[in-house]
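Dear colleague,

Please find the structure below, with the sequence alongside.

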Amino acid sequence: MIYHIVTKKHGQIMRSFVKPFAFRAGLMSAWVSGLLLFSGAILAESDTQAPTSSAPTSQSAETFRQNLFDVTLILRGEEVSPDSIGPYLETALKIELVRLTGDSGFLSSEQADTFLQSARAWLKQYRFEPYRQDGVTVGQRLIFTFDDDKFYEAFEQKGLVLWPLEARPSTLVYGSQNRAGQLLKLDAQNLQYLPQLDWYNRVEEMALPMTLAAPRGQGSFGEGLWVYPDFQRRRSGVVADRLQTSDSDYLLAYQLRQYASQPSELNWQLFSKEGQVMLEAQQQAEDRTPQALTGLFRDMMAAVAAYYSRPYRDQAQYIGSVTLRVEALSSVQQLFQVEQALTALKPVIHDSRLVTTEAGKATFELVYQGTYEALLAYLQGVTSVEMLSDNAISGEIFVRWHQEELTNDLQNLAPQTTDNTRSDEAQGDDLTTEPAVETAPEILPYIDEATAGERE
């Protein structure tokens with residue numbers, strides 16, 4: 001069953017259609033609070049397993065673009081009705097806010113309170129789907145779909161920074177489980193037998209492009225050696241070699257340690273392209289409940305997202321304007337398509353206004369967030385744009401928008417519809433607070449299970 005929330009404004013889902021481009025994250029100091037940090041790198045051992053798997057090995061930005069405003073919670077035995085949906089909605093909204101900003105610290109800001117105090121106003125619909133393990137239904141998926149138009153408008157009005165999918169680096173992941181001394185490599189196949197980890201949903205919550213390493217015989221990313229966290233070294237040549245031969249920007253190595261009579265422990269390290277340890281932590285669950293296990297992985301993903309997004313959030317505090325001159329327009333229809341494309345390039349381009357048109361040319365005034373160089377890189381990544389020239393002093397950019405590729409790109413902007421909807425009245429306050437001052441991110445549990453109501 002699908003419940004549709006009636007809101008004041010519905011519109012086309014804003015999806016940019018930009019090619020992934022290299023995202024360079026700089027070094028950062030240790031800012032992790034509440035977690036014990038260690039220095040180290042990795043251990044590598046020969047891999048003799050060669051299982052086959054039909055499970056997905058990667059989750060890309062294009063995948064997330066289709067459901068960027070969907071949040072899934074797993075229900076095991078709970079009876080949820082429209083009257084009792086509130087705590088689950090609050091949990092989902094917290095996840096959505098961290099996903100969009102890349103910063104779990106945002107949840108402690110006044111701006112986040114304005115969202116959470118009127119959670120229902122940001123909801124478009126929710127639905128239930130069966131949750132199955134090994135073909136047996138063991139619970140339900142509660143899927144919330146938030147109103148993308150209202151989010152974009154609110155973030156723009158309040159000057160809040162949205163972290164674009166195109167600015168999110170890709171990660172190669174080596175996971176392992178140490179269960180009472182028995183070691184298991186967590187590739188795509190083995191993760192199928194550990195549904196309690198719910199790996200794919202954890203990755204989707206933060207919308208982080210990730211590829212699971214494969215054992216020998218299943219691809220170049222996993223051949224020969226497996227990567228484990230090791231807090232005794234700061235650099236790894238094995239990691240550097242592995243990343244040089246992959247399309248990923250970073251490598252994440254984690255190990256879940258589970259014991260017979262004590263809470264689980266999660267050790268992990270994040271490596272740069274050069275094999276340098278950039279971020280690491282040793283986390284221990286509060287207890288042995290499924291919620292505590294979920295919290296370990298959520299905190300790890302939130303910490304990685306905060307590290308990845310920090311450079312973008314720092315430079316995106318700047319708002320600038322520039323003149324965009326589009327050459328070689330062949331028709332009025334193409335001009336309309338260019339306007340549509342510029343509107344879709346949120347959040348980097350906040351606003352676009354057509355100023356003049358003449359003899360196959362058009363001039364737009366753009367308001368953008370971030371640096372001028374970042375804007376150029378963003379436009380150069382658009383599949384249908386040919387960059388002709390630019391002048392930073394005069395603030396002018398000259399481009400040609402190719403008709404055929406532009407038409408193909410805009411097909412990805414078609415709105416998605418869902419049948420069998422049920423209307424409900426949405427209520428909530430308008431956003432009225434000023435943006436908070438940016439502070440150093442922290443790794444903090446951003447879901448309060450006791451009050452949020454999620455039961456995983």
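In these notes, buried means under 20% relative accessible area, exposed means over 50%, and partly exposed is in between, with a 1.4 Å probe and protein chains only. Helices (H or I, at least four residues) and strands (E, at least two) are DSSP runs, numbered from the N terminus. This is a predicted model, in which local features need pLDDT of at least 70 and side-chain atom pairs count only at pLDDT 80 or more, while totals for chains, interfaces and linings use all residues. Residues are numbered from 1 along each chain as its sequence is written, and side-chain values use heavy atoms, with hydrogens and water left out.

Helix α6 (residues 199–206) is largely enclosed by the rest of the structure, because 7 of its 8 residues are buried; among them are Trp 199, Arg 202 and Met 206. Just after α6, Ala 207 takes a positive phi of about 50 degrees.

The structure also holds 19 aromatic pairs, where rings of Phe, Tyr and Trp (its six-membered ring) pair if their centres lie within 6.5 Å, and planes under 30 degrees apart count as stacked, over 60 as edge-to-face and the rest as tilted. Phe 115 and Trp 122 form a tilted pair, because their ring centres are 4.7 Å apart and their planes stand at 40 degrees. Tyr 126 and Phe 128, both buried, have ring centres 6.3 Å apart and planes at 80 degrees, so this pair is edge-to-face.

With best wishes
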